[in-house]
Amino acid sequence: MKMKQYEQRIQTLLSNMTLEEKVGQLQQCGPSLVGAFDVSFDELLNMMFDGRITKEEFDRLMGTAQQDFHEEDLRAGRIGSYNGIGDAATANRLQKIAVEETRLGIPLLFGYDVIHGFRTVTPIPLAESCAWEPALWEKTGRVAAEEATAAGVHLTFAPMVDVAKDARWGRISEGAGEDVLLNSAYGAAKVKGFQGDDLSKPDAMAACVKHFAAYGAGEAGRDYNRVDMSMQRLWEEYMPPYKACIDSGARAVMPAFNDINGVPCTANPWLLRDILREKWGFDGLVISDSNAIAECVDHGLVEDKRDAAKQAIQAGMEMDMSSNSYAEYLKNLVESGEVPERVVDEAAADVLRIKFELGLFDNPYQTSEERERGAMLTEGSRAVAREAAVKSMVLLKNENHILPLKADARIGIFGALAADQGQMTGAWAIGARPEDCVSIVEACGARGISYQYSEDGKDLLKIAASSDVLVAAIGEQKEESGEAASRADITLGKEDLALVRDLLATGKPVAVVLFNGRPLAIPELAEHVPAILEAWHPGVEAGSAILDVLFGEVNPSGKLTATFPAAVGQCPMYYAHINTGRPGGKSKFTSKYLDAPVEPVYPFGYGLSYTTFAYDNLAAEQTGEAVHVSVSVTNTGSRDGDEIVQCYVQDAAAKRVRPVRQLKGFEKVSLRAGETKTVDFVIPFAELSYYDWNMEKVPCEGILKVYVGGDSRAELSREIRI
């Protein structure tokens, strides 16, 4: 349907809708759990987390629960959208009520958190970003969309492009790490993958970029916490990824839980109207985060939910996820004259528009149970998950060439994570099932590898005596990262460190495989363990992908997108920091800690390979309105491999102090052993500009330092004068 046609239909629908039906379009409802317990589901969860009931008791109570989909409200036109429904049968049943039993027959919009795969769970986003490969990010987004839409999903609450510089923050796992350029590229690729080339196709789902804005900058790395920063920093370091997603066509935006400089994003007219609508020209749908409108009361912005509904809708928040603030108060607010009805009309129009764009008015039943069964965990989707997993892994250390392992190596495997299938998915993999995942132990058995396994270190000496190499699978449980999973201590657990020490004491070669959803402070491992593979939470093909790398069937190429600090007290630690008048060094009166090194354990952009690369012939010059950079990269080892070439700049003398380095370009190149290739970067002047004290854009002038290499410490450099 052409745009003009459905714009006319939107206006016709609005003219025929009651005020209650308009408000209903703004209500995104989650199914409620009811059953043999006397408290709400949220309180039941809190009781389990607080220790008032055991997990076993929680599971028993949940076994008696049933879902209430509020069908009577749906029939009355009081629900326009659902979240958390991920099966075709339920989606079609509810859609049938909306289309055939409501007065106007307006179809429902189904949203779901498809963060890194639906059933075919791919690596967590922080891991996948370490591939530095937009084509891969788009491909995994496409797989996610094909499965999720087959289950009835129309919109995913992704991508998350919150620049995250503090490893303590649990939700660093959901984005592309600490760099603004990388998050922008990641988000744009995911939008394309989710939405495809035509949003009205049954296998396309709308992308909802989140969390707008600067959610990753919460004070002290604590989830939901305040964000207070200069406008210059906000615009230069945090806003560009959201804009990149919108420029790529994202049809929805989710404001963040946090406030920015004292005003919660949920009810922030500067953010949602002045910037998003007026400055950026966004014409899609704005959806609150879960219960966020009601939480404006807790923020202290408003006195009650009624006032929260008033301020949120006037600020530009269109759809209320789960708080019922609009359902309870918006009709009365319009009737009392406190909220103009045109504000509700504009919001309802945006809801109807995305439904037209998704083709729901012409084809409300876009899937079937048969399609759903055939779409899940296909051979092709698992192949993509395996590709993403191997490209996401980062080889952090490999002394004495312990890796890759020989095909006939006898392996001693230790640690619960080596056999725990359910832990492989990481946070926010709500469509996953443990049985979908391949563990290291399972993969070893399937390949006929000679191995012995001990979960808790029992028989360690006996196993070590008959093994050629010892592998420790250690790190974080998936519950230790993600939402509401910030950590004040990001070191390894005592049991993990004790296990590694015991393995090292045997004198046998030791390789550690790390599973985690954030950078960890691992100075002891970095100093003493000869081989470390960062596997993150790799998804359904975890074990197979890890063995691909350990045995050298795949040459690792991943590079870190978040800095690994030496101690938690260094957080937030990130490469693009501002220089001070006394940069950290050996002298006493410099910017450093007394009890921690100046440098991180592993820097942004870092990652090893089973081959080696050399850089030479760096050239940089101003040509027209851009800086042109070229460099020669040679594979100096004996194996073919991929290298991620990174280009950084520093504005050496500006009107505001600038970061010591900023990533301005990257390219993954494949090189045969001994081969040399020239890699070129073009950096437009516009990408070198910055904001002055008065928030005016200032061009880069004077000396520009250009660095190119394999990580953010790149030593090959040139200076040019602009």
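Asn291 comes out as partly exposed, because its relative accessibility is 29%. Keep in mind that this is a predicted model. The chain splits into domain 1 (1-31 + 70-108 + 284-372), domain 2 (33-68), domain 3 (394-570) and domain 4 (613-721).

**Asparagines with positive phi**
- Back to Asn291: its phi sits near 65°, a positive value in a residue other than glycine.
- You'll find Asn291 in the loop that runs between strand E11 (285-286) and helix H13 (296-299).
- Asn324 also has a phi near 65°, again positive in a residue that isn't glycine.
- The loop holding Asn324 lies between strand E12 (320-321) and helix H15 (325-335).
- With a relative accessible area of 31%, Asn324 counts as partly exposed.

**Cis peptide bonds**
- Going from Leu403 to Pro404, the peptide bond is cis, with omega near 0°.
- Pro404 belongs to the loop between strand E13 (394-398) and strand E14 (411-414).
- The bond from Cys571 to Pro572 is cis as well, its omega near 0°.
- For Pro572, the setting is the loop between helix H23 (542-550) and strand E19 (613-623).

**Nonpolar cores**
- The largest nonpolar core takes in 139 residues, and Phe212, Met239, Tyr326, Leu396 and Leu525 have the most contacts inside it.
- Helix H16 (residues 341-357) supplies the largest share of this core, with nine residues.
- Both domain 1 (1-31 + 70-108 + 284-372) and domain 3 (394-570) give residues to this core, so it lies between them.
- A second, separate core has 41 residues, among them Ile402, Leu405, Val471 and Phe515.
- Leaving aside residues up to four places away in sequence, Leu525 touches Lys397, Ile474, Leu492, Val500, Val512, Leu514 and Ile532.

**Helices H10 and H11**
- The axes of H10 (residues 231-238) and H11 (residues 240-247) come within 6 Å and cross at roughly 45°.
- H10 and H11 are therefore oblique to each other.
- On the H10 side, the contact uses Trp235, Glu236, Glu237 and Tyr238, while H11 brings Pro240, Pro241 and Tyr242.
- Sorted by type, the residues of the H10 and H11 contact are five nonpolar, no polar and two charged.

Definitions and conventions. Residues are numbered from 1 along each chain as its sequence is written. This is a predicted model: local features need pLDDT of at least 70, side-chain atom pairs count only at pLDDT 80 or more; totals for chains, interfaces and linings use all residues. Side-chain values use heavy atoms; hydrogens and water are left out. Domain bounds come from an automatic or database domain assignment. A nonpolar core is a set of buried Ala, Val, Leu, Ile, Met, Phe, Trp, Tyr and Cys residues joined through side-chain atoms within 4.5 Å. Buried means under 20% relative accessible area, exposed over 50%, partly exposed in between (1.4 Å probe, protein chains only). Helices (H or I, at least four residues) and strands (E, at least two) are DSSP runs, numbered from the N terminus. Contact means heavy atoms within 4.5 Å. Axes are lines fitted to C-alpha atoms, for helices over the stretch in contact, and angles run from 0 to 180 degrees between N-to-C directions. Angles under 35 degrees count as roughly parallel, over 145 as roughly antiparallel, 65 to 115 as roughly perpendicular and the rest as oblique. Ala, Val, Leu, Ile, Met, Phe, Trp, Tyr, Cys and Pro count as nonpolar, Asp, Glu, Lys and Arg as charged, and the others, Gly among them, as polar.
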